[in-house]
Amino acid sequence: MTVIPLTTVEQTVRVGRPGARREVVPSGLLGMVIFVGTEVMFFAGLISAFTISKAGAPRDAWNLPAGQVLPLASTAVNTVALFASAALLWVAGRQYRARSPAAVQTLLAATSLGALFVMLQGREWVGLIGHGVTLRSSALGAFFYVIVGTHALHAVAALAGLGVAWWRLRAGRLSYGFFLGAQTFWYFVVLIWPVIYARVYF
Amino acid sequence: MRESISNEAPPQTLEHVWFGSASLGTVLVLPRLQRGVDVLKAVGKNLTQSQGIPAFKASRRIVSITASLLTAAPGSALACPVCALVGTGNNTWAYQAMSAMLTLLPLAMVGATVWWLTRLVARADTERRPGVEVASDSLVQGTSPTRRGSAPGGLVSVTRRASAE
């Protein structure tokens, strides 16, 4: 009769840690998921305030000053860059799991595309400010800078995480939990953007 | 000098309903809280400690009743500046839709997280069975506290040994 002691099972699940408990999900990933949940509610609050204010405001009072409109087309290009970045990050994750050295270049490309998104957004802001669209110019201007600016801050923070992940991967010191955390945060930045784009720009 | 009290009913705006309800709560709760303090003072003199505990229970009941009355107050809570815009334009639909979104979104996220964790635990339980190999795409690859390795594989694929008796 075959008897499998529990300790034997535990020992063989985690090599090198006799009797250690098994980790179902990396702590870094779980922490990031909880953090992303709070951030989702933060953006939901902003978008909720925007939607109610827009629905209650007179049509004339909501427009930007001097007949300005938000740059729809160039932002669509930025959005494509952002989604391409997310796709490359997904590929980088697969390569990393397969221990392929190409993961370093793919992760760098994903980070670069994300940085391109932030830079293009910054260029749009400079143009809008030049045309007199500021935080105090109108209600739409105020909401625009607060919501899009907050998203840009999150994008910069997520890019910093991806940059650290790339640096550690290049040095051979990247832990899987850190990679998953950085990946999750970037996916959040990417997935919240279409909601903001559809709600604020149109 | 005593203040003169007007018998004229105040205009019923949202603010009056809200603050009126809050005043009602204060009137109901404060005397009972004071009585609770008196009972607690008596505990040290004549009563046993266990006889003082119902004072807390009574206060809690009054607080519950007051909270129920407040929720039944016919007005908005005016919890945020945006909520004050309700009914001033065509934004009632937006207010209701956003209220539903802000209510359901956290519930959905918590539910999804619980479902995801339950699934991971169930999968881990399956993998714990003798003779089952750890999946190569497991989330816990490379997360061994003893090894912060450069590549996934801290938890290597192993077939469990079975010690035979």
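Read along its sequence, chain A follows the pattern α-α-α-α-α-α-α. That comes to seven helices and zero strands, where helices (H or I, at least four residues) and strands (E, at least two) are DSSP runs numbered from the N terminus. This is a predicted model, in which local features need pLDDT of at least 70, side-chain atom pairs count only at pLDDT 80 or more, and totals for chains, interfaces and linings use all residues. Residues are numbered from 1 along each chain as its sequence is written, while chains are lettered from A and ligands numbered from 1 in the order in which they are written.

Chain B has four helices and zero strands, and its elements run α-α-α-α from the N terminus on. Of the 202 residues of chain A, 33% count as buried; in chain B, buried residues make up 9% of 165. A residue is buried if 20 or more other C-beta atoms lie within 10 Å of its own, exposed if 12 or fewer, and partly exposed in between, with C-beta atoms placed from the backbone. Contacts can also be described by their separation in sequence. Two residues are in contact if their C-beta atoms, placed from the backbone, lie within 7 Å. Among contacts in chain A between residues at least 6 apart in sequence, 78% join residues at least 24 apart. For chain B, the corresponding share is 46%.

Which residues touch the most other members of the largest nonpolar core? They are A:Leu107, A:Leu162, A:Ala165, A:Phe179, A:Phe185, A:Trp186 and A:Val189, in a core of 35 residues. At least two residues of this core come from each of α2 (27-56), α4 (72-97), α5 (102-130), α6 (139-171) and α7 (176-201) of chain A. The most come from α7(A), which gives 12 residues. Apart from this core lies another, of seven residues, among them A:Ile47, A:Phe50, A:Phe144 and A:Val200. A nonpolar core here is a set of buried Ala, Val, Leu, Ile, Met, Phe, Trp, Tyr and Cys residues joined through C-beta atoms within 7 Å. Returning to A:Val189, its contacts include A:His154, A:Ala155 and A:Ala158, not counting residues up to four places away in sequence.

Now take one residue of helix α4 of chain A, A:Leu88. Is A:Leu88 buried or exposed? It has 20 other C-beta atoms within 10 Å, so A:Leu88 is buried. Leaving aside neighbours within four places in sequence, A:Leu88 is in contact with A:Thr106, A:Ala109, A:Ala110 and A:Leu113. A:Thr106 is 18 residues from A:Leu88 in sequence, yet their C-alpha atoms are 6.3 Å apart in space.

A:Thr106 is also one of the buried residues of α5(A), which include A:Ala103, A:Leu107, A:Ala110 and A:Phe117. What covers the buried residues of α5(A) includes α4, α6 and α7 of chain A. The axes of α4(A) and α5(A) are 8 Å apart, and the two helices pack at an angle of about 160 degrees. Axes are lines fitted to C-alpha atoms, for helices over the stretch in contact, and angles run from 0 to 180 degrees between N-to-C directions. The helices α4(A) and α5(A) are therefore roughly antiparallel to each other; angles under 35 degrees count as roughly parallel, over 145 as roughly antiparallel, 65 to 115 as roughly perpendicular and the rest as oblique. Just after α5(A), A:Gly132 takes a positive phi of about 90 degrees.
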